[in-house]
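Look at the model first, then follow the text through its sheets, its helices and the contact between its chains. Keep the structure open while reading.

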Amino acid sequence: MIEFRGVTKQYPDGTVAVGGVDLIVPPRTTTVLVGTSGSGKTTLLRMINRMVDPSQGAVLIDGTDVATVDPVRLRRSIGYVMQNSGLLPHRTVLDNVMTVPLLNGTRRQSARARAMELLETVGLDASLAQKYPAQLSGGQQQRVGVARGLAADPNILLMDEPFGAVDPLVRQELQQELRRLQRELGKTVVFVTHDIDEAFLLGDQVVLLRTGGKVVQSGTPAEFLASPADDFVSGFVGADRGRRRLRLEEVDGQRVVVDEDGRPAGVLEP
Amino acid sequence: MNLFAEAIAWLFGPDNWAGPSGITARLLQHLVVSAVVLVIAAVIALPVGGVIGHTGRGKQLAVMVSGGLRALPTLGVLTLFGLWLGIGLRAPVLALVILAIPPLLAGAYAGFESVDRRTIDAARAMGMRETQIVGKVELPIGLPIVVGGIRSAALQVIATAMLAAYLADVGLGRFIFEGLKTRDYAQMLGASLLVILLALVVDGAFALVQRLVTPTGVRLARSARTGGEPARKRTPARRTITEGNPV
């Protein structure tokens with residue numbers, strides 16, 4: 001379990017990135033931090049592995065204040081996947097995936113075996129192991145990034161807009177893969193995105209932040225739709241534009257779900 | 001054309017190569033002086049440049065200092081140091097070190113700076129220590145540019161080490177100063193050709209080193225970015241640092 005207690009981040013120039021966040025991330029679930037740029041979602045994420053230290057408040061992992069843990073040791077125990085994969089360009093795919101286990105002192109042979117296994121887990125062909133990042137497509141690079149994040153078998157996986165830079169089709173594919181992985185692995189995933197659809201698709205818990213790093217609402221996707229806290233929330237989730245307001249229509253004896261403008265969204269199963 | 005032929009004849013005259021003041025001895029002296037200068041300058045400039053490139057701090061100062069050093073006329077500096085330190089190798093070595101520092105410094109910080117900040121951020125987030133980030137990420141990726149700085153410095157030092165003979169009985173420059181006195185223009189031209197050749201050979205050697213230290217993945221990334229040729233073909237690693245603000 002990850003717990004934010006009254007966490008604030010203020011920079012020397014006075015900018016407040018995170019403004020007093022209290023939040024609990026339950027174990028073995030996916031929590032999505034969503035918000036516009038400047039809402040402090042990435043800052044909040046990076047406080048978990050001490051890439052950013054809060055100016056006030058504390059972040060606790062299983063009851064331990066992370067401020068008391070050596071940042072290097074902490075980071076090696078937490079998986080991190082970033083936008084643009086962040087792969088080391090001078091190392092092969094295999095070496096990239098092996099990085100953290102080797103830093104942890106795992107023997108080369110077992111690190112290698114584990115890395116090969118992980119490549120398969122994330123749906124990459126073994127023949128890619130000796131390629132360099134520059135030889136892969138954007139989607140493949142992100143898969144390697146996920147494999148690398150999982151390599152040391154961390155309990156926590158931090159994902160900072162990991163699918164932000166790939167094209168929509170590949171993004172959908174990666175989102176589905178992540179759901180499958182999460183079902184298999186059951187990690188505590190904290191995921192940052194500015195895409196509310198992605199948040200609703202992946203999140204067990206969704207946390208909506210707004211400029212100044214304040215939590216506007218948190219809850220399950222269904223709760224967001226059923227009872228948006230205010231106009232900002234309805235605007236963000238699209239409830240006000242009728243995109244989420246669906247109704248039934250009868251077409252050729254089938255019950256078709258349409259949105260407010262009458263555009264079909266799908267067919268209702270009997 | 002006659003002078004040129006005479007210079008070639010001087011170069012190939014076996015008598016000119018032998019003895020303590022022959023071409024062989026002078027050539028070796030020239031190389032040793034250049035190497036000593038490069039090592040001293042590298043010990044000073046590379047760590048400083050590395051720290052600047054790693055931290056991103058002090059870059060303005062480095063640009064100013066190397067710009068200032070670059071503006072100094074080496075002959076003037078040499079005369080000044082000669083008056084201070086007297087006859088011998090100390091003054092020319094010092095003057096040449098000052099000449100070599102700017103390109104080394106620029107190469108070092110440009111090399112470290114050339115590494116994508118996101119790559120460094122990812123390395124840190126994975127749990128690399130700062131020393132590991134330097135050793136396993138910044139250095140291997142930036143090394144070709146650092147070597148480019150060394151290459152540029154080596155070229156300048158070898159060419160300018162002719163001036164060592166101004167104050168010491170050392171190096172290929174002796175032939176120039178001697179020839180000037182005795183009006184032996186063939187010898188002067190011959191020695192000049194030799195230095196040019198030496199500089200080209202050393203430059204070529206460093207070009208090779210630069211290519212060897214370019215990691216395959218980095219080369220691939222570069223040619224992918226420029227949308228260019230397949231990576232097997234020749235590397236675009238020929239990169240020399242001559243200006244204060246490269247890349």
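Two strands are said to pair if DSSP finds at least two bridges between them. The model shown here is predicted. In chain A, R247(A) stands opposite V258(A), a residue of β12(A). This is part of the antiparallel pairing of β11(A) with β12(A), residues 254-258, which runs over five bridges.

These strands belong to an open sheet of three strands in chain A, with the order β11-β12-β13 and antiparallel pairing. The edges are held by β11 (247-251) and β13 (264-267) of chain A; each has a single partner strand, so one side of each is left without a neighbour in the sheet. On average, neighbouring strands of this sheet are turned by 35 degrees against each other, with direction ignored.

Chain A also has an open sheet of six strands, in the order β6-β7-β8-β3-β9-β10, and here the pairing is mixed. Its edge strands are β6 and β10 (214-219) of chain A, and because each has a single partner strand, one side of each is left without a neighbour in the sheet. From one strand to the next the twist averages 15 degrees. A helix, α5(A), packs on this sheet and touches β6 and β7 (156-160) of chain A. The direction of α5(A) makes about 165 degrees with that of β6(A).

Now take one strand of this sheet, β3(A). On one side, β3(A) is joined by five bridges to strand β8 of chain A, residues 188-193, and the two run parallel. In this pairing, the bridge partner of T30(A) is V189(A), and that of V32(A) is F191(A). Five bridges also join β3(A) to strand β9 of chain A, residues 205-210, again in parallel. Here T31(A) stands opposite Q205(A).

Is β3(A) buried or exposed? A residue counts as buried if 20 or more other C-beta atoms lie within 10 Å of its own. Six of the six residues of β3(A), residues 30-35, are buried, so the strand is largely enclosed by the rest of the structure. Both of its faces are covered: T30(A), V32(A) and V34(A) are buried on one side, and T31(A), L33(A) and G35(A) on the other.

A loop residue of chain A gives a contrast. S137(A) lies in the loop between α4 (108-121) and α5 (138-150) of chain A. Between the C-alpha atoms of S137(A) and T43(A) the separation is 28 Å, and the two residues are 94 apart along the chain.

The next topic is chain B and two of its helices. Two packed helices are described by the angle between their axes and the distance between the axes. The axes of α4(B), residues 59-71, and α6(B), residues 90-113, come within 8 Å and cross at roughly 150 degrees. Angles over 145 degrees count as roughly antiparallel, and α4(B) and α6(B) are therefore roughly antiparallel to each other. The crossing of α4(B) past α6(B) is left-handed.

Which residues of α4(B) meet α6(B)? They are K59(B), A62(B), S66(B), L69(B) and R70(B), and they meet I98(B), I101(B), P102(B), L105(B), A106(B) and Y109(B) in α6(B). By class, the residues of this contact are eight nonpolar, one polar and two charged.

Last comes the contact between the chains. Chain B gives 21 residues to the contact and chain A gives 20 residues. On the side of chain B that touches chain A, α7 (117-126), α8 (130-160) and α11 (216-225) of chain B each supply at least two residues. The largest share of that side, eight residues, comes from α7(B). The side of chain B that touches chain A has 13 nonpolar, four polar and four charged residues.

The helix α7(B) is mostly covered, with seven of its 10 residues buried. These are T119(B), I120(B), A122(B), A123(B), R124(B), A125(B) and M126(B). Their cover includes α2 (71-76), β6 (78-82) and α3 (93-103) of chain A, together with α8 of chain B. Just after α7(B), G127(B) takes a positive phi of about 110 degrees.

Definitions and conventions
Residues are numbered from 1 along each chain as its sequence is written. Chains are lettered from A and ligands numbered from 1 in the order in which they are written. This is a predicted model: local features need pLDDT of at least 70, side-chain atom pairs count only at pLDDT 80 or more; totals for chains, interfaces and linings use all residues. Helices (H or I, at least four residues) and strands (E, at least two) are DSSP runs, numbered from the N terminus. Axes are lines fitted to C-alpha atoms, for helices over the stretch in contact, and angles run from 0 to 180 degrees between N-to-C directions. Two residues are in contact if their C-beta atoms, placed from the backbone, lie within 7 Å. Ala, Val, Leu, Ile, Met, Phe, Trp, Tyr, Cys and Pro count as nonpolar, Asp, Glu, Lys and Arg as charged, and the others, Gly among them, as polar. Angles under 35 degrees count as roughly parallel, over 145 as roughly antiparallel, 65 to 115 as roughly perpendicular and the rest as oblique. A crossing is left-handed if the near helix is turned anticlockwise from the far one by less than a right angle, and right-handed if clockwise. A residue is buried if 20 or more other C-beta atoms lie within 10 Å of its own, exposed if 12 or fewer, and partly exposed in between; C-beta atoms are placed from the backbone.
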